[in-house]
Amino acid sequence: MARDASGTRRRILEAADELFYGEGIQSVGVDAIAERAGVTKRTLYYHFRSKDALIAAYIEARDGPSFERFRQWVDESEGPIAQRIAGMFTKLAARARDPRWKGCGFARAAAELAGLPGHPALRFAARHKKRFEAWLAGLLRRSGVANADALARQLLVLLDGAMTHMLIHRDPSYAHAAGKAAVALLEANRR
């Protein structure tokens, strides 16, 4: 029974991920998510006490896969750290060419929920961004980059800025421009 319950919960989260990311949190109702997941609305509410709880779980569930994707992009790139970070931006540009790409799900959720500062999804989004910044700082530190904490924050701003402009303009060249800026920052801070 527990296996069925966890499978049902997983299907609901997958449906929420697809619909919330594709259409927006505010524009998707629980009826559509229940239908996509192949469950009743009652079953959905058994697993998630409210739409807000489902939104929070959706954002929390995006953390691992999103983080892993960026880690993999850096790991797949070769050369010194500046080139590996540039590779991450190049891979982001390639991903943004997919018409289904809708930008950063964490930033989009934060924008949609900006009027609800206590919403648990905002805490999960903030935690994700802090975790990502800490990962970047650790990566830079291990690579011998000076000012790793400050540079990690700057790289995160470049990354989020590139994603925002790519979403607005549907132009992947923003990721390439941000990647060049990242390389310049990193090269200026070599030990």
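1. Helix α4 gives the most to the lining of the largest pocket, with 8 residues. Helices here are DSSP runs of H or I with at least four residues, strands are runs of E with at least two, and both are numbered from the N terminus. The model is a predicted one, in which local features need pLDDT of at least 70 and side-chain atom pairs count only at pLDDT 80 or more, while totals for chains, interfaces and linings use all residues. Residues are numbered from 1 along each chain as its sequence is written, and side-chain values use heavy atoms, with hydrogens and water left out.

2. The volume of the largest pocket is about 690 Å³. Of the 30 residues that line the largest pocket, Asp17, Tyr21, Arg62, Arg69 and Arg95 are the closest to its centre. A pocket is an open set of points on a 1 Å grid over the protein atoms alone, where a 1.4 Å probe fits and protein lies on both sides within 12 Å along at least five of seven lines; lining residues have an atom within 4 Å of a point. Grid points are joined across faces, edges and corners, and the volume is the space filled by probe spheres set on the points.

3. Which helices supply at least two residues each of this lining? They are α1 (2-23), α4 (51-76), α5 (81-96), α6 (105-112), α7 (120-142) and α8 (148-169). By class, the lining has 15 nonpolar, 5 polar and 10 charged residues. Nonpolar covers Ala, Val, Leu, Ile, Met, Phe, Trp, Tyr, Cys and Pro; charged covers Asp, Glu, Lys and Arg; the others, Gly among them, are polar.

4. The protein chain has 9 helices and 0 strands. Its C-alpha atoms fill a box of roughly 60 × 35 × 30 Å along the principal axes. Of its 191 residues, 46% are buried, where buried means under 20% relative accessible area, exposed over 50% and partly exposed in between (1.4 Å probe, protein chains only). Among contacts (heavy atoms within 4.5 Å) between residues at least 6 apart in sequence, 65% join residues at least 24 apart.

5. The whole structure holds 6 aromatic pairs. Rings of Phe, Tyr and Trp (its six-membered ring) pair if their centres lie within 6.5 Å; planes under 30 degrees apart are stacked, over 60 edge-to-face, and the rest tilted. Phe70 and Trp73 count as edge-to-face because their ring centres are 4.8 Å apart and their planes stand at 65°. These two residues are 3 apart in helix α4, so about one helical turn separates them.

6. Phe70 also forms an edge-to-face pair with Phe132, at 5.3 Å centre to centre and 90° between the planes. This pair links distant parts of the chain, with Phe70 in α4 and Phe132 in α7, 62 residues apart. Are these residues buried or exposed? Phe70 is buried at 6% relative accessibility, and Phe132 is buried at 3%. Ring pairs join Phe67, Phe70, Trp73, Phe132 and Trp135 into a cluster.

7. Asn147, in the loop between α7 and α8, has a positive phi of about 55° although it is not a glycine. Arg170, in the loop between α8 and α9 (173-188), has a positive phi near 55° and is likewise not a glycine. Asn147 is partly exposed at 49% relative accessible area, and Arg170 is partly exposed at 39%.

8. Ile168 is found in helix α8 and counts as exposed because its relative accessibility is 57%. Its C-alpha atom is 9.5 Å from that of Lys102, 66 residues away along the chain.
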